Amino acid sequence: MAIVNVKDAEFKDTIQEGVVLVDFWAPWCGPCKMIAPILEELNGKLGDSVKIAKVNVDDNPETAGQYGVMSIPTLKLFKNGVEVGTQVGVRPLTELESWVQAQL
């Protein structure tokens, strides 16, 4: 499944079904640039079992504020619309894969 960019208006619909990993990021953030290829690789490994969504905090402050995002990158994991976990900062692929797979 392709990684999707999500705006405030469509966020709730995006996280409603299945397992969704949301990356809160900004284009000026160095660590956000570091985690992007890791998320691409994770997407390739997990395929259609997980949706990965990216939320640009500069363009979508409402969603970032609603979920208490204070540092980026912040990764939030949702299962059927319910937040089930948060990780802040760059994490290795193996750690992210285990974290997500625990919700499948």
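Me: Which side chains does a polar contact of 2.8 Å join?
Reply: A polar contact is a pair of N or O atoms within 3.5 Å, where, within protein, one must be able to donate a hydrogen and the other to accept it, and residues adjacent in sequence count only if both atoms are side-chain atoms. Here the side chains of aspartate 23 and lysine 54 are joined in this way, at 2.8 Å. The model is predicted, so local features need pLDDT of at least 70 and side-chain atom pairs count only at pLDDT 80 or more, while totals for chains, interfaces and linings use all residues. Residues are numbered from 1 along each chain as its sequence is written, and side-chain values use heavy atoms, with hydrogens and water left out.

Me: Is aspartate 23 buried or exposed?
Reply: Buried means under 20% relative accessible area, exposed over 50%, and partly exposed in between, with a 1.4 Å probe and protein chains only. Aspartate 23 has 0% relative accessibility and therefore counts as buried, whereas aspartate 13 is exposed, at a relative accessible area of 63%.

Me: Where is the place of aspartate 23?
Reply: Helices (H or I, at least four residues) and strands (E, at least two) are DSSP runs, numbered from the N terminus. Aspartate 23 lies in strand E2, and aspartate 13 in helix H1, residues 11–15.

Me: Which residues of helix H4 are buried?
Reply: In H4, residues 93–101, they are Leu93, Leu96, Glu97, Trp99 and Val100. These cover an arc of only 165° around the axis, so they are on the same side of H4, the arc being that of the directions from the helix axis to the C-beta atoms. Thr94 and Ser98, on the other side of H4, are exposed.
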